[in-house]
Structures are given as structure tokens and as C-alpha cells.
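Have the 3D view open and follow along step by step.

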Amino acid sequence: MNHLSSETFKENARAALADVQLRGALKNATSLFGERRKEAAAGLPNWEDLRTQARAIKDDVLLHLDRYLEEFVRNAESRGATVHWARDAAEANQIICGLATERNARIVVKSKSMTTEETHLNDALEAAGMQVVETDLGEYIIQLAGEPPSHIIAPAIHKTRQQIGELFTAELGMPPTDNVDQMTSTARAKLRDRFAAADVGISGVNFAIAETGTIVIVENEGNIRLTTSLPRIHIAVMGIEKVIPRFADLDVFLKLLPRSGTGQRLTTYQSFITGTKRAPADEGPEEVHIVLLDNGRSRMLAHPVTRQSLACIRCGACLNACPVYQQVGGHAYGSVYPGPIGAVITPQLMGIQKAAQLPYASSLCGACREVCPVKIDIPQLLLHLRGEISPRKGSRAERLAFKMWAKVMVSPALYKMSGVAGRILQRVIPISRAWTNGRDLRPIESKSFHDLWSNE
Amino acid sequence: MNNSARESILSSIRTHLAASPPVDAHPVNPVNPVILSQEDPVTRFKESVESVSGHCIITTDTADVLSRIITDLKARRIANSDNPPNAHDIFGYEVGISTAQAGIAETGTLVLDSACERHRLVSLVPPVHIAIINASAIVETLGDALTLLQKKEISPAITFITGPSRTADIELTLAIGVHGPQELYVIVDGSK
């Protein structure tokens with residue numbers, strides 16, 4: 001497996017920048033997603049109100065997370081679901097593998113779940129002797145390729161149709177083609193066979209409703225519906241932050257999530273699952289298990305700035321808007337969660353030392369904050385995390401330079417002199433290579449704004 | 001079950017929240033309702049279904065429309081949510097017919113409720129799904145549909161369907177009918 005590490009972000013990014021084909025794919029995808037999001041948001045005149053409301057709901061949930069979780073668990077259990085609590089990834093995997101082995105399961109079908117990517121559940125299930133099949137088309141592609149996802153909602157965004165065609169020919173025996181419909185129907189046929197044979201279906205959760213004990217999962221393909229309907233056992237895995245108070249709150253979130261993610265008014269399918277089946281329905285699993293995962297989340301509650309990370313609804317809009325993600329893609333981040341939200345979540349989940357470069361993988365331009373449907377102030381979070389990494393980061397020369405800069409900026413005379421000096425020095429002294437390696441430095445204008453102003 | 005995990009997560013939540021500096025509470029402003037259209041909901045529903053690549057027929061003779069669609073499709077193996085095969089036998093069928101308990105005009109969404117539909121997979125597994133809905137069951141907005149669902153105890157499984165199954169996972173190229181149907185017909189029964 002070709003997994004990069006967060007610790008080597010700079011090297012990963014440099015390699016990604018040299019990959020012309022990757023950058024082409026990223027450019028197409030992020031700009032298309034970005035345009036669609038913009039159009040969809042413009043279609044709702046109360047978009048800003050919705051964002052404000054969504055954030056207020058999330059803030060309320062997070063401030064009373066213990067209470068809402070208990071309410072959710074009580075209601076889900078009273079309707080026949082079984083709830084499990086997992087402090088960390090290992091505990092979650094142990095619970096899930098235990099459930100599967102106790103029931104002699106051999107085949108597990110999975111629908112897309114970032115949370116199970118976070119816990120590396122597939123490795124654990126395979127080690128326990130299960131065959132694990134990802135059923136979302138994008139996830140299926142990268143599972144066949146042995147790669148991690150590179151985008152929260154479009155996991156195989158980094159691959160071209162030619163590469164996928166070759167992969168399907170090699171792995172599935174498909175006659176060579178780069179026709180997307182043909183590839184899709186090949187995957188459909190292969191996966192139907194697995195759905196029919198599966199003992200356990202594992203899904204993620206988009207929203208868990210405290211008031212009713214309902215889990216809501218959104219999708220376009222239909223594989224979540226199959227995963228949660230056909231196998232005898234359904235296991236849903238969710239971070240503890242996924243709970244929302246009321247059923248009616250879905251009105252806000254189901255408007256924001258699809259529009260921000262894919263630009264759709266609504267995704268094709270929403271599944272609302274409340275406990276186990278009851279007559280007259282005779283379709284659906286006999287057992288519904290819900291695994292609540294902490295894995296570092298409760299720690300983020302300890303400060304209002306870090307707490308906002310838990311408001312994220314995993315739409316992926318910040319990835320598409322980010323000038324860094326647009327150039328380097330998801331793998332360079334070396335973490336399950338890429339892009340701006342990944343740069344703030346990963347150091348908090350994995351430990352700041354393991355991902356110390358990620359909070360610097362941003363120009364702090366604020367595009368992520370602008371598109372975030374729950375108004376997470378990602379630049380503020382990045383700065384907060386930079387502060388935690390090292391309060392006195394920077395070389396001695398850098399500190400000296402900033403000290404001098406501060407002196408110059410508060411004195412009109414020194415400021416004027418610096419302009420004159422800068423014009424001369426720029427011609428004789430080369431500016432730091434680190435700056436000019438990837439970009440040009442424009443020569444300073446021969447006349448300053450002050451000069452122009454006084455000449456007027 | 002592991003009670004200690006539950007206790008330790010809840011106590012970690014409480015401890016960390018207690019340690020947090022206070023924040024100014026955000027005032028929650030109710031969202032301004034948006035009047036999106038003056039059109040009647042049934043017409044809008046049809047437009048919305050068509051905008052997501054579905055077919056929509058408004059009729060007073062549902063039986064006739066249904067038989068014409070099936071004849072045109074030359075379908076022989078037809079599953080139906082009231083008289084269904086075993087869930088695992090559904091794979092061999094060409095057409096699945098269901099009703100829908102509500103429709104949402106602004107999005108073209110069908111709402112299937114497990115309290116009424118014994119087998120919702122007939123709407124997913126066969127390559128063609130035909131849904132029949134009463135015109136009077138069509139509401140304006142997503143919010144209206146959510147309110148409607150809460151009028152009684154919530155059913156174990158509710159499914160919202162907006163158009164046929166789709167994916168854009170390969171180069172963001174739209175492909176219709178990945179795990180679900182390639183074609184969706186919605187018959188709106190306006191006879192009542």
C-alpha cells in the first residue's frame with residue numbers, strides 16, 4: 001500500500017506538484033465542484049441564515065454533548081438498536097470484529113465511511129478473517145488499487161478513467177475500455193454478487209437524531225440502501241459529534257450538506273433508520289448496532305476554538321475551495337481527512353507532533369471559511385494549532401527581521417527610507433531562495449504611493 | 001457491554017467542557033422562510049422530478065398509464081412492494097413498482113415509509129422503478145415532509161428518493177444507474 005505520512009507533508013506536496021496528470025484531475029474536479037456549490041447556494045436566498053442556524057444548532061449540541069448523546073442512545077435502544085461506546089479506534093474495531101466473528105460472518109459489505117477509514121477498520125476485519133468489500137464506486141476503485149481516499153466525498157478523484165479502466169481489466173477481467181458507463185456496470189454486477197452473499201453491512205452516519213434515535217445516511221448510488229437492508233446485521237459507525245437535537249433540524253442540514261458537497265438540491269437517497277424492522281415491513285436487518293466513537297473528539301471540546309472542528313458535516317467544500325488542496329490533492333496530507341478541515345482535525349486526532357506540518361499547509365486565505373456550511377473558522381483554528389505546535393517558532397534571523405520590520409512600520413521616517421533602500425537593494429541582493437523558488441518576485445515600483453500622492 | 005467505555009467517554013466530555021473558557025451564546029435566529037414559487041405543488045413536483053432525470057406523468061387513470069409503461073418496456077418479471085418476493089430474490093426482476101407516501105415539490109423527492117411499503121428494495125434493485133403517488137400527498141418543501149413524518153411515531157425505515165441512482169466517481173462523469181435503477185417513472189394520481 002502506498003500510504004504517505006502527515007509527517008512528510010512538504011515532501012509529499014513537492015512530489016504531487018510534479019505530477020502533471022494529478023494536477024489536471026484536481027483542477028477539473030475542484031473547479032467543477034466549486035461552481036456547482038456556488039450555483040446551488042445562490043439558489044437559496046436564505047443561504048446565510050441557514051449557515052448561521054446550522055452552526056447555532058451544532059454549538060448547542062457540542063455544549064451539551066453528554067446530554068444529547070444519552071438522549072439519542074435511550075431512544076435508539078428503545079426502538080431495538082444496540083449501542084456500543086468506543087474510546088478509541090482499537091476499541092471500535094474490537095467491538096465490530098467481535099460482533100462479526102460471534103455471528104460467524106465471512107463477508108462484510110461496507111458503504112462509504114470516513115470514520116471507519118479513521119479507525120482502519122478494513123485491516124482489522126481482514127485480520128479477523130473477513131472478506132471486506134467497499135461498495136461505493138469510488139471506494140471500490142481505490143480498494144482495488146490499494147490506495148486511501150483522496151477526497152472526502154469523491155475518493156477516487158485523483159484517478160483518470162484510463163487508469164480505472166486498466167485497473168478493472170486487471171482486477172475484474174473487464175474487456176479493455178475507458179467508457180464510464182461500461183465500467184460502472186461492471187462494478188455493479190460484481191458488487192451485486194457480494195451484496196447477495198454478505199452477512200454484515202457496515203455504514204457510516206451523517207446525522208443521529210437525539211429526539212427520535214434515528215440515524216440518517218445520505219448518498220447517490222444506492223449502495224448504502226443495499227448495505228443497510230440486505231445483510232442480517234447492520235453496524236453503523238459514527239463519531240460522537242454526529243448527533244443533532246431534533247428531527248426538524250434536518251431541514252437545515254439536508255439543505256446545506258448536498259448543496260455544499262456536490263451542488264445537488266438533495267442527494268438521490270436519504271435513509272432514515274430508527275431501530276430494527278417491524279411489521280408490516282419484512283425487509284431489513286435483524287440486528288442494528290450503532291458504534292459511538294470518541295477517538296480524541298471529546299478532547300476538542302476543551303476550547304471554543306478547537307471545539308468548532310466538531311461542527312464539521314464532512315461536505316468537502318473546503319477541499320475544493322483551498323488553493324493548497326487544489327494543487328497537491330488529498331494524499332499529500334498523509335491523513336484520512338485532507339484539505340483545510342484535515343489540516344485542523346488530523347493534528348487533534350493523531351497528536352500534534354505527528355502532523356505538525358499540516359497547520360502550515362495553508363495560506364490563510366480564508367476561502368475555506370467562506371464556503372463552510374457550518375461557518376467553521378478554519379484559519380483561526382490553523383493559527384491556534386500553530387500556536388500550540390511551538391509558541392516561539394521561527395529562526396533567529398526571522399525573529400530579528402520581524403523586530404526590525406515592527407520598528408520600521410511605526411516610524412514614518414524609517415518607513416520612507418526603507419522604501420528607497422528596498423529599491424536599491426532589490427537589484428543587488430538576491431531575495432531568499434525559499435520565496436523565489438516557486439514564484440517570481442515583482443520589482444518594487446519606482447515611485448511609492450506617498451510620492452504619487454504628494455505629486456497629485 | 002462495556003459500561004466503562006460509556007462512562008469514560010461521558011466523563012471526558014464533561015471534564016473537557018468544564019475546562020473550556022466560556023463563549024458568548026449565539027442567538028439562534030429562526031431562518032426566514034423562502035417562498036420559492038407560486039406554482040401549484042403538483043406541477044412543480046413534475047418539473048423537479050424531470051430535472052433529476054426522472055419521468056413524471058400526471059394522470060387520472062393510473063392503471064392505464066402503468067400498463068402502457070410496462071408494455072413499452074416489454075417487462076415480464078415485475079416485483080411489487082405489496083406482494084413481494086423474498087428480499088434476496090429481488091435481483092432477478094426487471095421492474096419494481098411501489099407507492100410513495102409523500103412527495104416533495106421543491107426537490108422532486110419520493111418518501112417511502114416502511115409502515116406502508118413492505119419491500120422498499122423494489123424501488124432500488126430492478127433496473128426500472130415505477131412509483132405511484134397521490135397528488136394530494138405532494139407537499140411543498142422538505143420541511144413540510146419532515147413535519148408530516150413526525151405526526152405519528154417514526155417508522156423504522158424511511159427512504160427519500162430523488163431521481164434514479166447516480167454516481168460521478170469516475171472523473172466526475174455522471175453515470176445513471178449504479179447500484180439502483182437506471183430509470184424512474186413517477187405516476188401522479190390526480191383522480192382524487
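**Exercise 1.** Find which residues the ring pairs link into a cluster.

*Solution.* Start with the rule: rings of Phe, Tyr and Trp (its six-membered ring) pair if their centres lie within 6.5 Å, and planes under 30 degrees apart count as stacked, over 60 as edge-to-face and the rest as tilted. Applying it, we find A:Phe9, A:Tyr325 and A:Tyr333 linked into a cluster by ring pairs. Over all chains there are eight aromatic pairs.

A word on the source: this is a predicted model, where local features need pLDDT of at least 70 and side-chain atom pairs count only at pLDDT 80 or more, while totals for chains, interfaces and linings use all residues. Residues are numbered from 1 along each chain as its sequence is written, chains are lettered from A in the order in which they are written, and side-chain values use heavy atoms, with hydrogens and water left out.

**Exercise 2.** Classify the pair A:Phe402 and A:Trp405, and say whether its residues are buried or exposed.

*Solution.* First, the geometry: the centres are 6.4 Å apart and the planes make 80 degrees, an edge-to-face pair. Next, the accessibility: A:Phe402 and A:Trp405 are both exposed (over 50% relative accessible area; buried is under 20%, partly exposed in between, with a 1.4 Å probe and protein chains only).

**Exercise 3.** Which ring has A:Lys58 over its face?

*Solution.* The test asks for NZ of Lys or CZ of Arg within 6 Å of the ring centre and within 35 degrees of the ring normal. A:Lys58 lies over A:Phe253, 5.8 Å from the ring centre. Likewise, A:Arg67 lies over the face of A:Tyr68, at 5.1 Å from the ring centre.
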